[in-house]
Amino acid sequence: MFHVKLPGNDAIARDPAEHHTTHRIKLPQRVVERPLRQVTRRLVMALLVLALTTFIVWIDRGGYHDNSDERVDFLDAAYYATVTLSTTGYGDIVPYSDSARLTNILLITPLRVLFLIILVGTTLEVLTERTREEWRLSRWRSNLREHTVVVGFGTKGRSAIQTVCATGLKPEQIVVVDPSEKVIDAATAEGYAGVVGDATRSDVLLRAEVQRARQIIIATQRDDTAVLVALTARQMNRGAKIVAAVREEENAPLLRQSGADAVITSASAAGRLLGLSVLSPSAGMVMEDLIQQGTGLDLVERPVIKAEVGRGVRETEDLVVSVVRGHRVLGYDDPAVGKLQLTDRLITIVRATPETVIAPDVRPLPTD
């Protein structure tokens with residue numbers, strides 16, 4: 001049985017009112033007006049047309065004949081305007097004077113056409129927009145492969161996305177999952193697809209197509225939530241790389257048992273950086289420089305090039321800190337490293353340049 005230590009009073013908890021039981025997918029929004037607002041605006045326009053027609057008939061009421069009482073009052077004018085704009089009329093109230101008939105030709109008939117355009121146009125536009133959105137969603141699902149799912153769009157989640165995007169990953173290959181609709185709105189505003197819902201539920205992860213994801217980043221606010229998300233995600237996708245962040249270091253083994261390939265302890269990492277900065281401000285500055293992506297020094301992983309095969313670690317041009325050989329990570333001073341092999345990968349410290357940031361085979365390493 002798992003026992004997860006919960007964070008203390010410094011934990012950032014979600015407002016329960018932000019959790020939604022309805023799970024929806026939100027694609028990056030185009031600049032279009034919301035359907036409800038469109039309908040409301042056009043309904044007001046239709047009512048204004050109706051009111052204008054009623055006023056025109058009322059002003060010229062002497063030129064109209066009512067078969068029931070032979071006179072036209074305000075209610076009769078409103079009735080005539082309504083049936084005239086919505087249909088061809090019933091013939092119970094008719095214009096008989098020349099001025100009334102001319103008014104019908106020049107004013108009321110164009111208003112009738114405008115009224116029908118407003119109503120029919122609103123219906124068609126709403127239906128078209130809904131069909132277009134459903135088509136976009138279906139096309140998005142069919143094209144989504146080898147993508148990255150990010151659970152949580154807080155500070156950690158945003159930083160993780162910025163880092164993976166620095167390697168050339170396109171925003172449309174990122175899906176954000178968060179229980180807050182406001183957070184998902186912020187994610188879609190930045191060009192990422194979003195799923196509103198609780199990521200511990202398998203149906204929510206299915207909407208994010210997690211079963212076809214290449215990598216999953218778990219950056220939730222609570223450690224127990226991260227454990228449940230990792231368990232669910234690993235059950236749905238056995239081959240994806242799962243990286244998770246926890247606040248308490250003692251919860252890291254639980255994340256690994258739950259299926260996470262790598263676990264970053266945010267609280268202890270920040271604490272170690274603070275302690276290092278106290279003991280050696282210069283060393284603390286160097287570590288902070290390594291943490292910040294794309295500036296100063298960067299920690300990157302790259303393949304061994306042919307010219308380096310057969311050489312020692314210290315014979316390369318870059319500052320190598322570790323060698324990845326198979327599933328093992330060997331330190332630069334480990335005797336088992338020996339000579340570099342073509343299948344090895346090197347973890348190096350390099351000066352950040354545009355070339356190293358966007359190179360397709362160079363991977364910035366998470367350091368926080």
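Residues are numbered from 1 along each chain as its sequence is written, and side-chain values use heavy atoms, with hydrogens and water left out. Because the model is predicted, local features need pLDDT of at least 70 and side-chain atom pairs count only at pLDDT 80 or more, whereas totals for chains, interfaces and linings use all residues.

The mean pLDDT of the protein chain (the predictor's confidence in each residue, from 0 to 100) is 78, and 76% of the residues reach 70 or more.

Of its 368 residues, 39% count as buried, where buried means under 20% relative accessible area, exposed over 50% and partly exposed in between, for a 1.4 Å probe and protein chains only. Among contacts in the protein chain with a separation of 6 or more, 67% are accounted for by residues 24 or more positions apart.

The UniProt record, an unreviewed entry, places the feature "transmembrane region" at residues 43-59 and 105-127. UniProt positions are given in the numbering used here, feature names are shortened, and annotations may be inferred rather than shown by experiment. In the model, residues 43-59 are 100% helix and 0% strand, and the end C-alpha atoms of this span lie 24 Å apart.

Strand β7 (residues 215-218) pairs with strand β8 (residues 241-246) in the parallel sense over 4 bridges; two strands pair if DSSP finds at least two bridges between them. Within this pairing, V243 in β8 is the bridge partner of I217. A crossover is right-handed if, with the strands pointing away from the viewer, the path from the first strand over the helix to the second runs clockwise. Strand β8 also pairs in the parallel sense with strand β9 (residues 262-265), over 4 bridges, and A245 stands opposite I264 in β9. From β8 the chain crosses through helix α8 (residues 252-257) to β9, and this β-α-β crossover is right-handed.

An antiparallel pairing over 7 bridges joins strand β10 and strand β13 (residues 345-351), with V300 opposite T348 in β13. Strand β10 is mostly covered, since 5 of its 7 residues are buried. E301 has its place in β10 (residues 297-303) and counts as buried because its relative accessibility is 11%. The side chain of E301 makes a polar contact of 2.8 Å with the side chain of R345. A polar contact is a pair of N or O atoms within 3.5 Å; within protein, one must be able to donate a hydrogen and the other to accept it, and residues adjacent in sequence count only if both atoms are side-chain atoms.

R158 is found in helix α4 (residues 155-165). With 30% relative accessibility, R158 counts as partly exposed. Beyond residues up to four places away in sequence, R158 touches F153, A186 and E190, and a polar contact of 2.8 Å joins the side chains of R158 and E190. R158 and V176 are separated by 18 residues in sequence and by 9.8 Å in space, C-alpha to C-alpha.

Q173 lies in the loop between α4 and β5 (174-178). The side chain of Q173 reaches the backbone oxygen of R145 at 2.8 Å. Apart from neighbours within four places in sequence, Q173 is in contact with L144, R145, E146, H147 and T148.

Most residues other than glycine have a negative phi. E146, in the loop between α3 (98-143) and β4 (148-151), has a positive phi of about 50° although it is not a glycine. For E209, phi is near 55°, a positive value in a residue other than glycine. E209 is found in the loop between α6 (202-207) and β7, and counts as buried because its relative accessibility is 7%.

Technical notes: Helix = DSSP H or I, 4+ residues; strand = E, 2+ residues; numbered from the N terminus. Contact = heavy atoms within 4.5 Å.
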